[in-house]
Amino acid sequence: MRCGAVCGPAAVSKIIAVSTSRWLRTILIGPTVALSTIIPTAAHADENEPVETAAPPRVELVLDVSGSMRAADIDGRTRISVAQQAFNEVVDALPDGTELGIRVLGATYQGKDKAKGCTDTQQIVPVAPVDRAAAKAAIAALRPTGFTPVGLALRGAAQDLGTGEATRRIILITDGEDTCAPPDPCDVARELAAKGTHLVVDTLGLAPDDKVRRQLLCIAAATGGTYASAQTPAELTHRIQQLVDRAKDSTVKTPALVAGGKECAGAPLLSPGVYTDREKISEHRWYRVPVREDQELRASVSIALDRQVNRDYGVLLRATAADGRELVRGTDAGSGRTDVLSTGLRWSALEPDVESDPSTDGPTTPTHVCLVISNSFASSTASDAPGLPFELTIDVVATSPAPDAPGLGRGWLLLLVLTVAGLLTGALAGWLTRWWVATWRTN
Amino acid sequence: MLIHHQQGHVRLHNRLAAAAFAIACAALLPAAAAAAPSPSPGSATVNRSGTSFLTATAVGVGQPVQVAASTGDYLYWSFSAAAGQITEIALTVSLPPAGKRTGASTWTVDVFDGLRRRQACTAGVQTPIAAATATSVSLGCSLRRVRSWAEPWSGDPLPGTYYIRLSVTDLPEPDLGLPIQVDMLLGAHGDSNADDGELKAPLVPRVKPGEVMAEAGSVHPSASPSPTPDEATEALDWLPDLSARWIWTTVGGVLAAAAGVVGFSLTWRRRK
């Protein structure tokens with residue numbers, strides 16, 4: 001019993017009080033574990049930091065108004081009329097305060113000059129809390145005309161959304177493949193995503209053919225967005241609504257941008273939080289985290305597959321000491337279609353040195369633990385393309401020491417042993433008393 | 001406790017002990033393990049899902065989830081689990097009409113812990129293949145019992161946040177982007193064993209952007225401050241938390257005392 005100085009009589013009442021409240025708490029909490037899990041809890045509750053509301057997400061719809069939108073193949077209606085109707089319904093259903101803009105491409109230039117037609121993209125509704133009447137009027141005025149400069153429109157939309165901490169989403173709706181490459185829209189998407197400002201492009205194909213689908217899938221994958229096809233007006237409305245809702249919900253702050261080092265020495269020093277970086281195939285990225293003796297390091301990494309990669313792949317996250325000694329590793333591998341490949345690790349110094357007096361030492365100086373992220377992807381994408389994006393989460397918490405052997409027992413065997421021991425002790429005591437009484441009587 | 005109870009060391013079954021134990025802890029025994037997750041009455045249906053770990057939608061046990069999505073979307077949900085809990089995930093995907101699909105598709109439900117480490121399923125169909133003509137496909141996953149403590153080097157499930165990811169891992173490319181509907185329900189059973197150590201901080205990941213510190217050594221780590229232990233709490237650290245072990249041990253003591261009295265009286269009865 002580790003009593004020390006506090007085990008005087010004065011401390012007894014305090015101990016009783018504390019133990020009572022502690023037990024009360026346990027009694028109250030214990031059986032309600034099942035109950036508490038029924039109630040949805042905020043998964044990311046972070047008690048250490050004040051609650052901040054992230055800026056509302058900014059969304060821009062990018063609509064293809066090129067000549068091919070005249071085709072009347074969606075339930076006998078033209079693609080543009082279906083898109084216009086869907087937009088109107090979405091604008092009507094928008095909650096107040098949503099920052100939504102609309103950009104069109106191929107809407108004005110009617111000539112045959114490709115160079116001119118391929119610069120034809122305008123923002124018709126600025127990204128702001130939406131003005132329903134103005135937005136609807138702008139949509140109604142659209143007439144399908146020109147070329148399909150998807151890449152340029154994406155660049156424009158990224159500019160319209162500006163920078164900032166809020167999530168930025170582009171919803172690209174098109175029916176035909178880009179007729180203006182270069183720039184290849186997929187390269188543009190990867191280049192926009194590589195700028196580090198959190199940008200997601202969700203794509204929607206209107207009655208898409210194989211080429212359009214492949215292009216949209218590539219754009220979506222490059223930015224971590226989604227792809228959907230719409231064959232009926234209802235599908236289109238439903239899907240746009242879904243994407244706007246989803247954008248509205250994602251009120252997560254953009255992770256901090258960091259550039260990992262080539263080796264442990266001089267690698268960036270990270271505090272707890274979420275970071276993003278990029279790593280080329282077979283590249284290693286190093287970071288350092290200060291961890292005190294009584295603290296535990298937690299790290300996790302998710303590498304996004306933003307391009308076509310070979311079938312099998314893996315990720316490795318290692319924590320090493322400053323001298324290169326490996327402390328712990330986390331690894332995961334997979335094959336087939338996936339969005340991210342993740343792994344994580346925990347590490348803490350073995351046992352805090354109890355013998356050293358903390359009052360004389362003061363706070364122990366933290367040791368720097370190095371983290372290195374490596375991958376085993378293989379891809380035929382040009383090697384000069386920006387690396388695969390990944391998300392790194394760092395946390396440093398109080399260490400959890402190994403529990404002592406439990407001081408209490410359980411199980412039927414325990415009851416049997418105790419009962420038999422009690423029986424034997426009772427019998428022994430009985431005989432002893434009998435012998436003692438007998439001796440006393442004779443005397 | 002339950003495991004002992006269920007597996008029943010029947011050989012050692014002691015009627016007296018059983019009666020005493022039943023009286024002592026009938027109230028504390030949680031209901032027997034539920035077979036399949038069922039929605040808890042009055043819980044609101046969740047119509048959302050996230051598209052990444054950071055945007056995962058939090059759902060509770062027994063809370064029905066119904067989401068419309070597209071084939072090929074990666075759908076993320078998160079839930080929190082306490083020590084001792086065994087979580088069961090049941091998912092049903094209503095597939096697009098067979099006429100629009102061109103082939104079979106493989107669906108996968110992956111579960112990750114708060115550190116995004118892959119978690120094993122002990123039961124359930126984790127990666128079913130839906131035939132080209134199927135109208136829906138069911139997925140399931142039972143997780144391991146959440147430990148209250150584990151060494152940092154181990155991958156054991158710990159209290160904190162868990163992530164569920166639903167994805168289609170193999171299908172003909174033209175089938176991507178078609179509308180689907182996903183129904184999900186979480187069930188949980190098990191009891192908390194508070195006596196196997198304690199994790200000081202649950203595996204709840206940070207979502208705030210981090211800050212790169214300028215220079216090595218110039219800034220102290222802005223880690224979450226370790227809690228300053230209360231003196232009285234410190235003095236009571238040796239005392240195990242309230243758990244079934246207290247009941248077992250106390251009942252054992254009572255039985256031993258009773259047996260002692262019986263043993264004592266046995267030796268005296270002969271004289272009469």
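**Ground rules.** I am working with a predicted model, where local features need pLDDT of at least 70, side-chain atom pairs count only at pLDDT 80 or more, and totals for chains, interfaces and linings use all residues. Residues are numbered from 1 along each chain as its sequence is written, while chains are lettered from A and ligands numbered from 1 in the order in which they are written.

Entry 1: I took helices (H or I, at least four residues) and strands (E, at least two) as DSSP runs, numbered from the N terminus.

Entry 2: I counted strands as paired if DSSP finds at least two bridges between them. S1 (58–64) of chain A runs parallel to S2(A) over seven bridges, with A:Glu60 opposite A:Gly101. S3 (121–129) of chain A pairs with S2(A) in the antiparallel sense over six bridges, and there A:Ile102 has A:Val125 as its bridge partner.

**Entry 3: helix H3.** S1(A), H3 (79–93) of chain A and S2(A) make a right-handed β-α-β unit; right-handed means that, with the strands pointing away from the viewer, the path from the first strand over the helix to the second runs clockwise. H3(A) also packs on H5 (132–140) of chain A at about 175°, axes 10 Å apart. The axes are lines fitted to C-alpha atoms over the stretch in contact, and angles run from 0 to 180 degrees between N-to-C directions. That makes the two helices roughly antiparallel (over 145 degrees; under 35 is roughly parallel, 65 to 115 roughly perpendicular, the rest oblique).

**Entry 4: H7 and H8.** I then checked H7 (185–194) and H8 (210–223) of chain A, whose axes come within 8 Å and cross at roughly 10°. H7(A) and H8(A) are therefore roughly parallel.

**Entry 5: the open sheet.** Last, I followed five strands of chain A in the order S7-S9-S16-S11-S14, with mixed pairing. The edge strands are S7 (256–257) and S14 (340–348), each pairing on one side only. Inside the sheet, S9 (273–279) and S16 (388–398) of chain A are antiparallel over seven bridges, and A:Gly273 has A:Ile394 as its bridge partner.
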